[in-house]
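Here's a quick briefing on a few spots worth a look in this model. Have the sequence and the 3D view open while you read.

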Amino acid sequence: MSDDRRRVLVAGGGVGGLEAILALQALAADRVRIELVTAEPRFVYRPLLVGEPFGATGHAELDLAGFAEDRGVELRLGRVLEVDADRRAVRTPDSERTYDSLVLALGARPLPIVRGAVNFRDVADVAALQAALGAASTGARVTFVASAGSSWTLPIYELALLTAAWSRARTAGLRLSVVTFERAPLEVFGPNVSGRVGELLEAQGIALLTGTVPESVGHGRLFVPMAGSLPADLVVALPGLAGIAVAGVPANPVGFVEVDDHSRVRGLEDAFAVGDMTAASTRQGGLAAQQADAVAATIAAAAGADAAPAPVPAALRAVLLTGDGPRYLSRPAAGDGEEWATDPPWWPPHKIVSRHLGPYLASHPELQGA
């Protein structure tokens with residue numbers, strides 16, 4: 001019996017990949033046959049990691065084998081090595097998989113930017129930050145850095161604010177500061193939100209230095225090219241991101257994939273890219289989910305479903321953890337009318353706002369573990 005469903009291969013089990021799968025199934029149902037190829041067996045909900053050094057509930061992880069079984073998706077563990085667009089095939093170390101439509105959601109590689117700093121991005125970094133803060137002496141100068149190349153700076157403000165609360169609770173008397181390449185804190189959200197973040201920092205006694213790009217740490221100093229140095233006993237920095245090169249996938253000089261406003265890969269037919277691997281000025285989970293939804297609509301329409309392809313809206317929504325309750329931030333796709341709220345304007349009130357993945361995680365706790 002022939003299977004005339006459209007074969008969709010999703011490469012990558014992060015936010016973009018999982019959102020694409022769920023959106024495709026919602027739009028196209030049995031018109032598509034989906035295969036997930038990923039190098040990692042688990043999906044890690046990274047935005048919650050900032051709370052772990054301070055004793056917050058452990059981050060969520062999703063078992064991808066359980067997800068695949070629940071959703072009726074074929075799962076293949078392996079790293080994507082090459083895309084052969086002519087043959088519509090993806091090669092991994094031990095197999096070759098064919099497709100009608102390809103969704104690339106391979107993420108990016110963290111790249112330390114500030115030499116000598118404690119970097120914070122992933123699960124392995126939690127213990128290092130805990131140890132560094134635990135070893136800091138009373139009154140130590142702790143600086144949090146978002147340097148050029150950090151396309152999503154919100155976690156550095158969370159780390160600073162959560163450290164301030166942690167320091168007060170332990171009467172550690174840490175002297176905190178944030179150094180950022182931005183002209184204003186979280187400027188991507190607009191002046192209203194940026195001003196509110198500045199007020200929060202000031203209220204917590206956290207000094208702010210904007211428009212600054214540090215290079216390295218040493219001998220109790222944070223060095224800034226052409227501008228000298230600043231005193232700092234401990235420096236915590238967000239890493240930058242580097243593109244993940246995949247043979248056969250066009251990329252710009254720094255390794256990121258150029259896409260159009262529907263997230264199609266420029267130069268490849270029936271291939272799409274979403275999330276951190278794309279050449280975007282801002283890389284964030286909620287934006288990856290919006291890309292994935294747009295891709296799913298395009299593929300579903302090609303499969304004959306009643307779907308209306310549309311450009312990626314790129315509305316920005318996020319949750320800022322402050323140590324004194326979360327703040328809900330949003331900026332419409334048009335770029336004006338940004339909002340700052342203490343009550344969640346979306347549900348579930350996850351840090352990654354997504355049409356399908358958020359509700360799925362909320363309704364399947366049995367697949368999650370910390």
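For the residue classes used below, Ala, Val, Leu, Ile, Met, Phe, Trp, Tyr, Cys and Pro count as nonpolar, Asp, Glu, Lys and Arg as charged, and the others, Gly among them, as polar. Keep in mind that this is a predicted model. We'll go through a pocket, a helix residue and a sheet.

**The second largest pocket**
- There's about 400 Å³ of space in the second largest pocket.
- Its lining counts 25 residues, and the ones nearest the centre are Ala289, Gln290, Asp293, Pro313 and Arg355.
- Sorted by class, that lining splits into 17 nonpolar, five polar and three charged residues.
- Two or more lining residues come from each of α1 (15-28), α6 and α7 (357-363).
- Helix α6 gives the largest share of the lining, with six residues.

**Thr298 in helix α6**
- Thr298 sits in α6, which spans residues 285-302.
- Thr298 has a relative accessible area of 12%, so it counts as buried, the cut-off being under 20%.
- Setting aside neighbours within four places in sequence, Thr298 touches His262, Arg264, Phe272 and Pro309.

**The five-stranded sheet**
- The sheet is open and parallel, with its five strands in the order β5-β2-β1-β9-β20.
- At the edges are β5 (74-77) and β20 (271-273), each pairing on one side only.
- On average, neighbouring strands here are turned by 20° against each other, direction ignored.
- Strand β9 (residues 101-104) runs parallel to β20, and three bridges join the two.
- Across from Leu104 you'll find Ala273 of β20.

Terms used:
Residues are numbered from 1 along each chain as its sequence is written. This is a predicted model: local features need pLDDT of at least 70, side-chain atom pairs count only at pLDDT 80 or more; totals for chains, interfaces and linings use all residues. Side-chain values use heavy atoms; hydrogens and water are left out. Helices (H or I, at least four residues) and strands (E, at least two) are DSSP runs, numbered from the N terminus. Buried means under 20% relative accessible area, exposed over 50%, partly exposed in between (1.4 Å probe, protein chains only). Contact means heavy atoms within 4.5 Å. Two strands pair if DSSP finds at least two bridges between them. Axes are lines fitted to C-alpha atoms, for helices over the stretch in contact, and angles run from 0 to 180 degrees between N-to-C directions. On a 1 Å grid over the protein atoms alone, a cavity is a set of points where a 1.4 Å probe fits but cannot get out, and a pocket is an open set with protein on both sides within 12 Å along at least five of seven lines; lining residues have an atom within 4 Å of a point. Grid points are joined across faces, edges and corners, and a volume is the space filled by probe spheres set on the points.
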